[in-house]
Amino acid sequence: ASEGILGWPGPKSHSTEQLKNGALSSLSSASANITWAIVPSASQDAPALQPNTEHSASELILVEDEMTDTEDNEEEDLGVMDDQRSVILHLISQLKLGMDLTRVVLPTFILEKRSLLEMYANFMAHPDLFLSIAAGATPEERILCFVEYYLTAFHEGRKGAVAKKPYNPIIGETFHCSWDVPKDKVKAFRTNGASTVPKDSAQEPGQEQSPCYKLRFVAEQVSHHPPVSCFYCECKEKKMCVNAHVWTKSKFMGMSIGVSMVGEGVLHLLEHEEEYVFTLPSAYARSILTIPWVELGGKVNINCARTGYSATVTFHTKPFYGGKVHRVTAEVKHNPTNTIVCKAQGEWNGTLEFTYSNGDTKVIDTTKLPVIRKKIRPIAHQGPLESRRLWQHVTSSLKEGNIDAATEHKHRLEERQRAEERQRVALTTPWKPKYFAKEGDGWLYVNPLWKT
């Protein structure tokens, strides 16, 4: 399907001085028109989308073009350099406590080499645990599997010990990938020795031919102000899918930056007619002048109205004195009987210990869990607004350590986004996302598994 492309040369008059300073010279006042989103930045050569183009949601993403991702997102664990510290100090001097950072352009050297949309895909780094949720024989087993998956989902999304910020996705940006999950890795969860292992849907007639389940993922930036990202993931064979929308709000807190993830996700298990509604924790970048590091904080909820099971997961921020970092606790409850069926504690990027009501215990070491690599199409096969292609020049410049070039590429992308936004306002044509449609307060994928 055509993306209705037209070339869009940005303004050519960027002052080189401004670019050298990472666009900080434009920060004459804290209210200057600048842009942050706790996620990605982009490259300049992609053609812009015609603002009033109708997108075809049935655009063909050819799975056979996808190859195992070889990109290692490892970030060097270096502290802030002296010259960078002065830039950050200059930035901080213009901010007020509690100030919303959504429109503040952060210096390029703190960027991580991936888009926020791709970071959400990395929450699925253990797709075998995700698919095992549907294999649970009872509602209790399924919520326990969900909590197990949820608690292990964050460590892969946060690469490196040093806090870096993914590129803020630009409006219309998309990210596609998939996973091939070996069927023998997807196991039914057993809370006690007596429960029977349910028959796996892999054994149904006509399905023996493939040794793997296929899990597909698509994410899209559907709004710029506020910055809203959506993602949808499905496995047709296991009759399960998840749909989520997240609005990132960042605020300045002195020596740290807090990012809250407003929104929710819903996991649909179609075979069991169950829906699990879940929220996401806040993230904090601490010690932003020395060696910045990330911690998660806040209480999140997982609820299944149909079965009456719910879970509360608390990400504990480090106390001022003493105490451990990255601590998490969880409690799974059957609400009609007010019974606690499981408690969990540990570190979300370390060891987690689960204790069940029947006395059984289980330990998961997230650092030893096998990571199944995602499959993604090479950049040459990607559309102009797909994350890796869009940000390719920023990413390659960051890899080379050429911060000035990365800043310039990122600036061009942001300028193009602003120019297109001005044109849409002038033509009164609101942006129409390609894969998601607004419903109530949330966004839904246009062709979800529960409709087909």
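This is a predicted model: local features need pLDDT of at least 70, side-chain atom pairs count only at pLDDT 80 or more; totals for chains, interfaces and linings use all residues.
Colleague: Why is serine 256 called buried?

Modeller: Buried means under 20% relative accessible area. Serine 256 has 8% relative accessibility, so it counts as buried. The residue lies in the loop between strand S9 (240-252) and strand S10 (257-269).

Colleague: What makes the pairing of serine 256 with arginine 286 a polar contact?

Modeller: The cut-off for a pair of N or O atoms is within 3.5 Å. The side chains of serine 256 and arginine 286 are 3.2 Å apart in this contact. Leaving aside neighbours within four places in sequence, serine 256 is in contact with Lys251, Ala285, Arg286 and Ile288.

Colleague: How do you know that strands S15 and S16 pair?

Modeller: Pairing takes at least two bridges between the strands. Eight bridges join S15 (residues 327-334) to S16 (residues 339-347), so the two count as paired, and they run antiparallel.

Colleague: What makes S16 and S17 a pair?

Modeller: The same rule asks for at least two bridges. S16 and S17 (residues 351-356) have five, in the antiparallel sense, and therefore pair. Glycine 346 has leucine 352, in S17, as its bridge partner. These two strands form a hairpin with three residues between them.

Colleague: How do you know that the span of helix H8 agrees with its number of residues?

Modeller: H8 (residues 403-427) has 25 residues, which at 1.5 Å a residue should span 36 Å; the end C-alpha atoms are 36 Å apart, so the two agree. Just after H8, threonine 428 takes a positive phi of about 45 degrees.

Colleague: What makes a set of residues a nonpolar core, and which members of the largest one touch the most others?

Modeller: The members must be buried residues of the nonpolar kinds, joined through side-chain atoms within 4.5 Å. The largest such core has 66 residues, and Phe130, Tyr150, Trp179 and Phe217 touch the most other members. Helix H5 (residues 139-151) gives the most to this core, with eight residues. Apart from it lies another core, of eleven residues, among them Val218, Val228, Cys230 and Tyr232.

Colleague: Which residues does tryptophan 179 touch?

Modeller: Not counting residues up to four places away in sequence, tryptophan 179 touches several residues, including Ala121, Met124, Pro127, Tyr213, Phe217, Cys233 and Ile372. Lys214, Arg373 and Lys374 are also among them.

Terms used
Residues are numbered from 1 along each chain as its sequence is written. Side-chain values use heavy atoms; hydrogens and water are left out. Buried means under 20% relative accessible area, exposed over 50%, partly exposed in between (1.4 Å probe, protein chains only). Helices (H or I, at least four residues) and strands (E, at least two) are DSSP runs, numbered from the N terminus. Contact means heavy atoms within 4.5 Å. The expected span of a helix is 1.5 Å times one less than its number of residues. A polar contact is a pair of N or O atoms within 3.5 Å; within protein, one must be able to donate a hydrogen and the other to accept it, and residues adjacent in sequence count only if both atoms are side-chain atoms.
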